[in-house]
Amino acid sequence: MLPTIDERLRSAASLVCPGARLADIGSDHAYLPIYLCGMGVVSRALASDLNAGPVLAAEQNIREYGMSDKIQTLKTDGLDGVLAFNPDHITILGMGGELIISIIDKAEWVKDGKIKLIVQPMTHAELLYTYLLNNGFCVEDEIICSTSPGRDDRMYRIIKASYDGKIRECGLCEALVGRVNIENYLTRNDEITERYIRRIIRIYGARIEGKSRSAKVDESEILLIRELENLLNRPEKTYG
């Protein structure tokens with residue numbers, strides 16, 4: 001028996017390479033490492049958290065699922081002390097985008113081309129995406145998933161990246177949606193990405209409407225909505 005995990009964790013799990021040595025940061029109950037070890041995807045795992053309560057809960061679950069020989073725990077702040085575990089995959093899921101940036105930025109050792117970062121921000125995904133590109137990380141893959149069909153407030157963006165030292169720039173449209181997601185939409189016309197783009201349009205549309213009452217409309221936001229709408233209207237073309 002393995003723990004039941006939702007679509008968000010399953011999507012993140014699908015980005016982990018077979019044989020990986022995984023460090024799950026902010027692991028809480030350690031469900032992701034337990035699932036991946038139980039599926040035979042991960043050889044060894046570290047489940048870390050800042051607080052003692054989640055670490056104790058993780059340790060209990062690890063024992064109950066018979067994974068004590070494969071998964072260890074660590075009470076730590078972000079990536080402090082994680083290098084000693086020598087991970088080649090790092091997952092940071094369910095935190096704010098700015099917090100994830102702070103965690104990555106404090107750990108210079110993650111700038112190793114062999115280390116894969118799999119991150120899922122709850123907020124400010126565009127800031128995290130831009131940070132990665134501007135700081136030498138290559139976005140290798142992305143997934144947009146939903147934990148509740150039809151609920152646009154329960155869609156999540158998962159980004160897989162590794163360091164190659166190349167500095168990249170991106171516009172706001174790419175930062176908000178992701179180049180890989182855009183390319184996947186234009187080739188597959190997938191429904192979940194369309195819903196995600198339409199949600200962004202609604203958010204920025206409401207923002208513009210609110211600003212219009214005080215005559216402070218940002219022209220760049222209007223152009224962004226047009227770019228996103230044009231994207232939705234040309235799924236048969238190649239982006240960029």
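In the predicted model, F137 is buried (under 20% relative accessible area, with exposed over 50% and partly exposed in between; 1.4 Å probe, protein chains only), its relative accessible area being 1%. Y163 has a relative accessibility of 25% and therefore counts as partly exposed. Residues are numbered from 1 along each chain as its sequence is written. Local features need pLDDT of at least 70 and side-chain atom pairs pLDDT 80 or more, whereas totals for chains, interfaces and linings use all residues, and side-chain values use heavy atoms, without hydrogens and water.

The structure holds 1 aromatic pair (Phe, Tyr or six-membered Trp ring centres within 6.5 Å; planes under 30 degrees apart are stacked, over 60 edge-to-face, the rest tilted). The ring centres of F137 and Y163 lie 5.3 Å apart with planes at 75°, so the pair is edge-to-face. The pair links distant parts of the chain, F137 in strand 6 and Y163 in strand 7, 26 residues apart. Strands are DSSP runs of E with at least two residues, numbered from the N terminus.

Strand 6 is joined to strand 7 (residues 155-163) by 9 bridges, and the two run antiparallel; strands pair if DSSP finds at least two bridges between them. Both belong to an open sheet of 7 strands in the order 3-2-1-4-5-7-6, with mixed pairing. Strand 3 (71-75) and strand 6 (137-146) stand at the edges with a single partner strand each, so one side of each has no neighbour in the sheet.

The charged end of R8 sits over the ring of Y156, 6.0 Å from its centre (NZ of Lys or CZ of Arg within 6 Å of the ring centre and within 35 degrees of the ring normal). R21 lies over the face of F85, at 4.3 Å from the ring centre.

Key: Helices (H or I, at least four residues) and strands (E, at least two) are DSSP runs, numbered from the N terminus.
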